[in-house]
Amino acid sequence: MADTPLLQVEDLAVHFRLPLPVAERAMGRKPKVLKAVDGVSFAIGKGVTLSVVGESGCGKSTVARLIAGLYRPTRGRVAIDGHDVTAARDRTRAIRRRLTMIFQDPQASLNPRWRVRDIIAEPIRAFGIAGDARETSRQVDGLLEQVGLAGADGEKYPHEFSGGQRQRISIARALASKPDLILCDEPTSALDVSVQAQILNLMRDLQDELGLTYLFISHDLAVVHHMSDRIAVMYLGRFVEVAEAAALFASPQHPYTRLLLETIPDLGMTKRDREAVAGEVPSPIDPPGGCAFHPRCPHADERCRTERPDLRPSQSGAGGGAVACHAVEEGRLPPAPAGEAADG
Amino acid sequence: MTARPATGATSGTAPGTAGRLLGALYRGADSDLAYSFRRNPVVVTAAIVTLLYFFGAAFADWLAPHTPFDPSTLSLGDAEKPPAWIEGGDWSYVLGTDNQGRDIFSTILYGSRLSLIVGFSAVIFSVVLGVGLGVTSGYFGGWYESVVMRAADVQLTLPSILVALMVDGVARAIFAGTDIKTDATFAIYVLIFAIGISAWPQYARVVRSATLVEKSKDYVAAARVIGIPSWRIMLRHVLPNTMGPVLVIGTIDLALAVITEATLSFLGVGIPPTQPSLGTLIRVGQEFLFSGQWWITLFPALALVLLVLAVNLLGDWLRDALNPKLR
Amino acid sequence: MNGGAARALLDVRDLKVGLPTRRGPLAILNGVDLHVKEGEVLGVVGESGAGKSITGLAVIGLLEPPARIDGGEVWFDGARIDGLSGDELRRIRGARIGVIFQDPLTSLNPLYTIGFQLTETIRTHMDLGADAAEKRAVELLDEVGIPAAASRLGAYPHEFSGGMRQRVVIALALCANPRLIIADEPTTALDVSIQAQIIGVLKRLCREHGTAVMLITHDMGVIAETADRVAVMYAGRVIEDGTVAEVVRNASHPYSHGLMGSIPTIGARIGRLPQIRGSMPRVGAVPAGCAFAPRCPEVRDLCRAERPVMMDGKATSAACWQYSPRWSDTAAAAGGAAADG
């Protein structure tokens, strides 16, 4: 790994103020604050895939959008290759070019009124990558072929393509500015499995070929397992566990990680009965005090209810894992369930 | 609005439910604009009538058998001639003449031109104003959005005729004494402004809400990530995707603008009688209604009704044809 | 549950659904054959556009016009139910066939309390008084795992979370003790940890009540956990039918085989996922012959020419020419050509 990581994020947080009805505002009630992301730190080295996994509303997509500069962070710092880009004015063209994004919904991420050719050419034109129109057109053809489409497809409109093909177009657009880092926000969640396999394979091929770095956002642990080098598990705006992919699946530390692993419907385990998993994700507007997971955690005690655990390097987890859990720290947890580990 | 991102992380959206699939199929196969147009004889007729009006208005100079605005060609001897098929009529004045001997048919042609010019200009004026304010307020939000939308609310509480009357009165008061006042073209500008200013809020509202929808879509996010400037995103990405409803409202508004123009002219605050629009013709004619010269007011009125009806039918059809695609 | 003699509770034969358009009818279902036995959980799996949801809607007469049944038969409990009037179908739905949709919000009326909706449904289909119906409503909510059920009767749907709402919908579907439940993507809109809970509830209740389930989903994992038997759909037809274990581990049809392979699993990490090239043909553009032929690694001339019917495959039945005696003939005839291509 290089000395400066490609992407460095420190204590990143964004709090959204929820608009109140006028009547309530007049009564002097304070607007509620949604802490979508509440202090997240990580770094990604060049050519590595870090996945952020969690359930809906945990803030994982918001992390990607903060890094992309789509929201202004409430606090914290984002640096790309050592350049601080937290403030919008620091995002120079040279920096913007190095970072692109792929979105979840292939329907909504392509402008329906633009030809595919123009969609892919937009970053090329914006960053002045090609000298002239002919060179732009040549690059667009190349990109289309790189993602498995034909140059002639450029003349069509997005609605003429299937979901998987649209996601290929999205990827071609993301590659157009020759980026180093691609933020992938649930890129295959809206796709069918057989198409998902095509897109995941394409993304890994491109990574090998171009040395890309991925920040991969997903709720699907199996996909994350397939794609990642490192994995961060997110719960209500904070990371609860970060570990090497293999280590996370072999010996999950945090109770929430264990819960998630337990809930994966697995093809192998036909007709097994589920251990009833208690509770649901609380509202991020009024998260529980202390450890946010404590209402669902079988190992919660008084300390968990009052004191918020920080992410600390875990003793047992190999490969620079870190866990935010009092029970793990105190050694109160039983060892990781062996069932999952056996496969890894 | 600011809270949307947090819930944006929905996991595992369904790859299409059956209902949506059926809807999409049906739309793709069946509600092709051209097809629904051909299938609908009323709409085809309305389109033909509208086109005839445009044609007649555009080529009035050639089509009109007489030049109603040239006093030298008028003779009072031809005044108040009835339509040709009635006793005393003259086939060179098919629809008869008015009190000054102007050919009604020719005057209708020129009057339609004036009505359409005023109508179109007013619609374009309100579209530019309304769409501009709508897209910017939807995109930027904040206090600017509040100001624009409250202004639209206030505007909507005033009936458009009242607004037009006010503008017209104010303009006349301001320019009273100057020689601009008597100029017929000046009256046209005042009319265009007066009619246009009262219609912008509906465009602003529709475009603002469409902008809010489009703004939250990821193709806009994709453009923002690569640093495309806001004005360019609004112009190139958002605006084209909000134009469907504008087209519909614009068409229906054209009919409304023509009517408003006619009403104002009828009330005597619109186009002066020297250059009559349809409304002016009706006003001039109604003074003769009870003395037996019904044709002076009836034919321009029928012409107005037909034009407005045709345009309205087109607008209604357009709304229905485009509606399922407006999401 | 009732021994080996389990007869088909629901029997769908050669069901065709079409959408009339000005360019002629669009075939959405091209002859679906499937059956659900008493007390059995049948998983209907397929990718979007395969026609699985349409099949469910057609069976219970909820197709939205202008889509309509163009052919085939639907038998339920020994009686034919396609072509029944809206009223007759409504009586069957709810009373004898329960329905669960993907989005719990569309199944619940936001204007009425949960208790009202439950008791109303119960009293529509069962001969119970107000008190008895309310008692049953509480029992049902209890069964689907809603805590403090009695006190939640007065609550409105929006006061429940997504997972709890789907539990209420399951309770609604179970109101009249139906023989069959048709569940269309019941867990797709939910989070993974909630998904597991809902699957658990559905499984437990159907086992306890002996209710058969037609579980429609795109998620093979859900099927593997829940179903006894699977019908795999592709381009408006069922192309494979067999027990879950066999379809998952030993699929006969090349499509099912590819589909199972392309699902990432936790376990050995592999470099590339096996993938099926291309994508499913759009409705209206389904090729003649086998619909999967353009994507199939095993394709031969016969596949492009004629549409295969269901035949006995490895351990399941599959609509694939490989398992026909004619396969070896074509192999000899077209083998050379295939190698060239």
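Within H10(A), the buried residues are Pro255(A), Tyr256(A), Thr257(A), Leu259(A), Leu260(A), Leu261(A) and Thr263(A). A residue is taken as buried if 20 or more other C-beta atoms lie within 10 Å of its own, as exposed if 12 or fewer do, and as partly exposed in between, with C-beta atoms placed from the backbone. Because 7 of the 9 residues of H10(A) are buried, the helix is largely enclosed by the rest of the structure. Helices (H or I, at least four residues) and strands (E, at least two) are DSSP runs, numbered from the N terminus. The model is predicted: local features need pLDDT of at least 70 and side-chain atom pairs count only at pLDDT 80 or more, whereas totals for chains, interfaces and linings use all residues. Residues are numbered from 1 along each chain as its sequence is written, and chains are lettered from A and ligands numbered from 1 in the order in which they are written.

Chain A contains 13 helices and 12 strands. Its radius of gyration is 21 Å, close to the 20 Å that the globule rule gives for 344 residues, so chain A is as compact as a globular protein of that length. The radius is taken over C-alpha atoms, and the rule is 2.2 Å times the number of residues to the power 0.38. The C-alpha trace of chain A spans about 70 × 60 × 40 Å along its principal axes. Of the 344 residues in chain A, 51% are buried.

Helix H5 (residues 133–146) of chain A has 14 residues, which at 1.5 Å a residue should span 20 Å; the end C-alpha atoms are 20 Å apart, in agreement. The expected span is 1.5 Å times one less than the number of residues. Val140(A), Leu143(A) and Leu144(A) are buried in H5(A). They cover an arc of only 100 degrees around the axis, which puts them on the same side of H5(A); the arc is that of the directions from the helix axis to the C-beta atoms. Arg134(A) and Glu135(A), on the other side of H5(A), are exposed. The cover over the buried residues of H5(A) includes H4 and helix H6 (163–175) of chain A.

Chain A touches chain B through 41 residues, in contact with 26 residues of chain B. Two residues are in contact if their C-beta atoms, placed from the backbone, lie within 7 Å. On the side of chain A that touches chain B, H2(A) gives the largest share, 4 residues. This side has 17 nonpolar, 12 polar and 12 charged residues. Ala, Val, Leu, Ile, Met, Phe, Trp, Tyr, Cys and Pro count as nonpolar, Asp, Glu, Lys and Arg as charged, and the others, Gly among them, as polar.

The contact between chain A and chain C takes 35 residues from chain A and 39 residues from chain C. The largest share of the chain A side, 7 residues, comes from H7(A). By class, that side has 16 nonpolar, 11 polar and 8 charged residues.

In chain C, the domain assignment gives domain 1 (7–96 + 177–263 + 275–290) and domain 2 (109–175), with bounds from an automatic or database assignment. Contact between the domains involves 14 residues of domain 1 of chain C and 13 residues of domain 2 of chain C. On the side of domain 1 that touches domain 2, H8(C) supplies the largest share, 7 residues.
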